[in-house]
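Here is my note on the model you sent. Please read it with the coordinates open.

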Amino acid sequence: MEAINDVHVSEPGLVVVDVAAADDETAFAFHTALAARWATTSVERTTREVGQPGVRLRCYLDLRQPVTAPGHSDS
């Protein structure tokens, strides 16, 4: 994976999430769960490291927005 850039964590509430999962489906399911609650970057692919099990995925979250539980509205 590429290095974390200072801009990715330049303010409180910005988060870099590195995911290690057994397979693509699990990694993408976790990203989908994060994206249901917070603003996240889109992800299109996972990476595999030679000699390491599973897959890796990186995304960036913005926790500064209000958190709303899935299926609930603020009204």
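The points below cover confidence, sheet, helix and core.

1. Basis. This is a predicted model: local features need pLDDT of at least 70, side-chain atom pairs count only at pLDDT 80 or more, and totals for chains, interfaces and linings use all residues. Residues are numbered from 1 along each chain as its sequence is written, and side-chain values use heavy atoms, with hydrogens and water left out.

2. Confidence. The mean pLDDT (the predictor's confidence in each residue, from 0 to 100) is 82 for the chain, and 73% of the residues score at least 70. α1 has the highest confidence, at 94, and β2 the lowest, at a mean of 85. Where pLDDT is low, the predicted coordinates should not be read in detail.

3. Sheet. The order is β1-β3-β2, an open sheet of 3 strands with antiparallel pairing. Strands are DSSP runs of E, at least two residues, and helices are runs of H or I, at least four, numbered from the N terminus. Pairing takes at least two DSSP bridges between two strands. β2 and β3 are joined by 2 bridges. Ala-39 stands opposite Asp-62 in β3.

4. Helix. α1 packs on the sheet and touches β1, β2 and β3; contact means heavy atoms within 4.5 Å. Its direction makes about 5 degrees with that of β3. Axes are lines fitted to C-alpha atoms, for helices over the stretch in contact, with angles from 0 to 180 degrees between N-to-C directions.

5. Core. The largest nonpolar core has 9 residues, including Val-17, Leu-34 and Cys-59. Such a core joins buried Ala, Val, Leu, Ile, Met, Phe, Trp, Tyr and Cys residues through side-chain atoms within 4.5 Å; buried means under 20% relative accessible area (1.4 Å probe, protein chains only). β1 (14-21), α1 (24-35) and β3 (55-62) each give two or more residues. β3 supplies the largest share, 4 residues.

How values were computed:
Buried means under 20% relative accessible area, exposed over 50%, partly exposed in between (1.4 Å probe, protein chains only).
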